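Here is a short report on a single protein chain.

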Amino acid sequence: ANKFILQQHQHQQQDDGNGNSIRVLVTSSMAAVRASGQIPANGKYYTHEDWNTVSKLEDDSWGSSYQWSKTESERRALEISKKHHIPLTTLCPPFIFGPPSSSSSSLSKDGSKSSHSYSIEMVQSWMNGDSPVQSRLCVDVRDIAKAQVIASNLSHTIGKRYIVSTEARISSQKMAHAIIQSCDNNNINNNITCDTTFAGGAIPIGQKEVECAQRCYDELNGLTCRPVEDTMRDMAKVLLKTKTTPPSSSNNDTTQ
């Protein structure tokens, strides 16, 4: 991302042919907003003004190193954009779920469709009973995609940072229930279990974890994030369909 921003610096005197100056939108992460267990600056919930000040680059901690890299990448992008006067907008989504598009899945060796998306593989493992459903602070891929389009076309978003997320986690039981609603009359719902030991990070499950909804609505053309239950139901419907529908002889392209 930072290499791309520097490339834009080389062309910052140019435009796209329509009189529009080049600008950059960086999709960062909630990992850059807070580390696991980090207390919000206001003591209540995270906002776009919070930064991860805890995570470190550690050989024995993949999670901490990942969060550190997200934080440092966003800080570096901000530093470069200010130094070279490059218009920059940043979005910080949490874990991204959502139904796969037709181009995001491919045929596996047994003829079923599979995806290389981590979030899709995770939900598939929940539906298969391979791992318990987890409570996650999340956003729908369709909502973050919409935010990217909106934010990149509004001048007042330049120089700003937005959290695009639902504001609270829902329990693993509620997430599982939404999945099961899409699996009626399928044995798959008998496999689903829930992780009931995780109570949340610094903010307990069910309580407001981030404050972002009103700001997104006011500044991103009325953008609202759909309920997590809707995302889970939509994902399950698509994944169940792709799992149970035999592959067509005319649809055997495994390229991505």
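How many aromatic pairs does the count come to? The model is a predicted one. In it, the count comes to four aromatic pairs.

Take Trp 62 and Tyr 66. Their ring centres are 5.3 Å apart and their planes meet at 10°. Planes under 30 degrees apart count as stacked, so this pair is stacked. Both residues belong to helix α2, which spans residues 62-83. They are four residues apart, about one turn of the helix. Trp 62 is exposed, with a relative accessible area of 68%. Tyr 66 is partly exposed, at 36% relative accessibility.

Phe 97 and Trp 126 make a tilted pair, with ring centres 5.8 Å apart and planes at 50°. Phe 97 sits in strand β3 (residues 95-97), and Trp 126 in helix α3 (residues 118-128). The pair therefore ties together parts that are 29 residues apart in sequence. Phe 97 is buried, with a relative accessible area of 1%. Trp 126 is buried too, at 1% relative accessibility. Both rings belong to one aromatic cluster, formed by Phe 95, Phe 97, Tyr 118 and Trp 126.

The table gives two cases.

| Charged residue | Ring | Distance to ring centre |
|---|---|---|
| Arg 161 | Trp 51 | 3.8 Å |
| Lys 208 | Tyr 45 | 4.4 Å |

**The largest pocket**

Which residues lie nearest the centre of the largest pocket? They are Arg 34, Tyr 66, Gln 67, Phe 95 and Arg 136. The lining has 33 residues in all. The space in this pocket is about 860 Å³. By type, the lining divides into 15 nonpolar, twelve polar and six charged residues. Elements α2, β3 and α3 each supply at least two lining residues. The largest share, six residues, comes from α2.

Two residues from the ring account return here. Tyr 66, from the stacked pair, is among the residues nearest the pocket centre. Phe 95, from the aromatic cluster, is another.

Gln 67 leads on to Ser 55. The side chains of these two residues are joined by a polar contact of 2.9 Å. The Ser 55 side chain makes another polar contact, with the side chain of Asn 52, at 2.9 Å. Ser 55 is placed in the loop between β1 (24-27) and α2. Is Ser 55 buried or exposed? Its relative accessible area is 13%. Buried means under 20%, so Ser 55 is buried.

**Fold and burial**

The protein has seven helices and seven strands. From the N terminus on, the order is α-β-α-β-β-β-β-α-β-α-β-α-α-α. The chain has 256 residues, of which 41% count as buried.

Just after α3, Gly 129 takes a positive phi of about 80°.

Pro 99 lies in the loop between β3 and β4 (105-107). Pro 99 is buried, with a relative accessible area of 18%. Its C-alpha atom is separated by 7.9 Å from that of Val 141.

Most residues other than glycine have a negative phi. Which values stand against that here? Phi of His 85 is near 55°, a positive value. His 85 lies in the loop between α2 and β2 (88-92). His 85 is exposed, with a relative accessible area of 68%.

Asn 221 also has a positive phi, near 55°. Asn 221 is placed in the loop between α6 (213-219) and α7 (228-244). At 57% relative accessibility, Asn 221 is exposed.

Technical notes. Residues numbered from 1 in each chain as written. Predicted model: local features only at pLDDT ≥ 70, side-chain atom pairs only at ≥ 80, totals over all residues. Heavy atoms only, no water. Phe/Tyr/Trp six-rings, centres within 6.5 Å; stacked < 30°, edge-to-face > 60°. Buried < 20%, exposed > 50% of the residue type's maximum accessible area, 1.4 Å probe, protein only. Lys NZ or Arg CZ within 6 Å of the ring centre and 35° of its normal. 1 Å grid on protein atoms, 1.4 Å probe; cavity = no way out; pocket = protein on both sides within 12 Å on 5 of 7 lines; lining within 4 Å. Points joined across faces, edges and corners; volume = space filled by probe spheres on them. Nonpolar A, V, L, I, M, F, W, Y, C, P; charged D, E, K, R; others polar. Polar contact = N/O pair within 3.5 Å; in protein donor to acceptor, adjacent residues only side chain to side chain.
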